[in-house]
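Biologist: Please take me through one part of this model slowly. I would like a close look at the aromatic rings and what surrounds them.

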Amino acid sequence: MANLKEIRDRISSVKNTRKITEAMRLVAAAKVRRAQEQVLRSRPFADRLARVLQTLQTRMAFETADAPLLAARDVQTITLLAVTGDRGLCGGYNANIIKRTEQRVAELRGQGYTVDLVLMGRKAITYFQNRASQYTIRATFTGLEQVPTADEANGIANEVLADFLSGSTDRVEIIYTKFINLVSSKPVVQTLLPLDAQDIAVPDDEMFRLVTKEGQLTVETMEVANTQTALPSDFVFEQNPNQLLNSLLPLYLANQLLRSLQEAAASELASRMTAMNNASDNAKALAKTLTLDYNKARQAAITQEILEVVGGASAM
């Protein structure tokens, strides 16, 4: 009977674990919805900023503008921003970013560049700090909101911007996970600084939406055009275009960084949803198997007791 008690305890433990993983899946789904709402709220500002920059671009040649954020340099030092999460239980999300960061560092060092790191998320910080002899860490950021905010993006952008303008780094790249759908994401490398004038006014962008189909949560991506009306052709700028450009480009940089953080957050939450959903399914299957084992063991015990009773009666 001790064996039956052990099986009952395991069944109870597996069912409790399934309740926890299912709750974590639902929490992640709610946070994905919050991330979606935040993207929707941030779009009007991003669209209007793109329109203003587009108008400036038609008035002046960005290539000849006196804007430090657009100036190409002789690159010697490159800073990589690696975006991971503070927590695990999200499949290979963190491991993929760490692996891609190591690959990028090796690629750049192989080309003769000096590389340092800005780390976001406790997972990346812990991993690279344990290998401090191999990597140079410029700055770390942890304790960020799971749904990124504009204030957090501005703080990180200001730190990176100060390093770039001071000349301590010549190029800044961000390594984050691009959100594709609930079961697919991809680590990508994107150049933040210097800014590319050709990519400032993007006509179309992608946005993700969490929807329900046949009782199942799923995420769709859709192309969204800039809904802001174009500025009038006779729009008059009171300030010098170079001054306006140098004021707006840091805002554009912070907005680009915010969008990357939002993509990374959505990818992390989607990975956690998938991981917890798989864990719940595995727990359900394991509980079913253990229940069958328990029934078989109980039936065997009952049969053994009956045989003992029958054997005792025959002996009498």
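Modeller: Start with one definition. Rings of Phe, Tyr and Trp pair if their centres lie within 6.5 Å. Planes over 60 degrees apart count as edge-to-face. With that in hand, meet the cluster: Tyr-127, Phe-128 and Tyr-135 form one aromatic cluster.

Keep in mind that this is a predicted model. The protein chain has a mean pLDDT of 79. Of its residues, 78% reach 70 or more. Confidence is highest in strand E2, residues 114-120, at a mean of 93. It is lowest in strand E6, residues 204-213, at 51.

Now the rings. How many aromatic pairs does a search of the whole structure find? It finds two. A pair of aromatic rings is described by the distance of the centres and the angle of the planes.

Take Tyr-127 and Phe-128. Their centres are 5.2 Å apart, and their planes make an angle of 85°. This pair is edge-to-face, because 85° is over the cut-off of 60 degrees. Next, Phe-128 and Tyr-135. Here the centres are 5.0 Å apart, with 85° between the planes. That pair is edge-to-face too. Phe-128 takes part in the pair with Tyr-127 and in the pair with Tyr-135.

Phe-128 has a relative accessibility of 0%. It counts as buried because 0% is under the 20% limit. Tyr-135, at 11%, counts as buried as well. Tyr-127 has a relative accessible area of 22%, so it is partly exposed.

The charged end of Arg-131 sits over its ring. The distance to the ring centre is 3.7 Å.

Thr-169 lies in the loop between helix H4 (150-166) and strand E4 (171-181). Its relative accessible area is 1%, so Thr-169 is buried. What does its side chain reach? The side chain of Thr-169 comes to 3.4 Å from the backbone oxygen of Thr-77. It also makes a polar contact of 2.8 Å with the side chain of Thr-79. Beyond its neighbours within four places in sequence, Thr-169 touches several residues, including Arg-73, Ile-78, Arg-138, Asp-163 and Phe-164.

Technical notes: Residues numbered from 1 in each chain as written. Predicted model: local features only at pLDDT ≥ 70, side-chain atom pairs only at ≥ 80, totals over all residues. Heavy atoms only, no water. pLDDT = per-residue confidence, 0-100. Helix = DSSP H or I, 4+ residues; strand = E, 2+ residues; numbered from the N terminus. Phe/Tyr/Trp six-rings, centres within 6.5 Å; stacked < 30°, edge-to-face > 60°. Buried < 20%, exposed > 50% of the residue type's maximum accessible area, 1.4 Å probe, protein only. Lys NZ or Arg CZ within 6 Å of the ring centre and 35° of its normal. Polar contact = N/O pair within 3.5 Å; in protein donor to acceptor, adjacent residues only side chain to side chain. Contact = heavy atoms within 4.5 Å.
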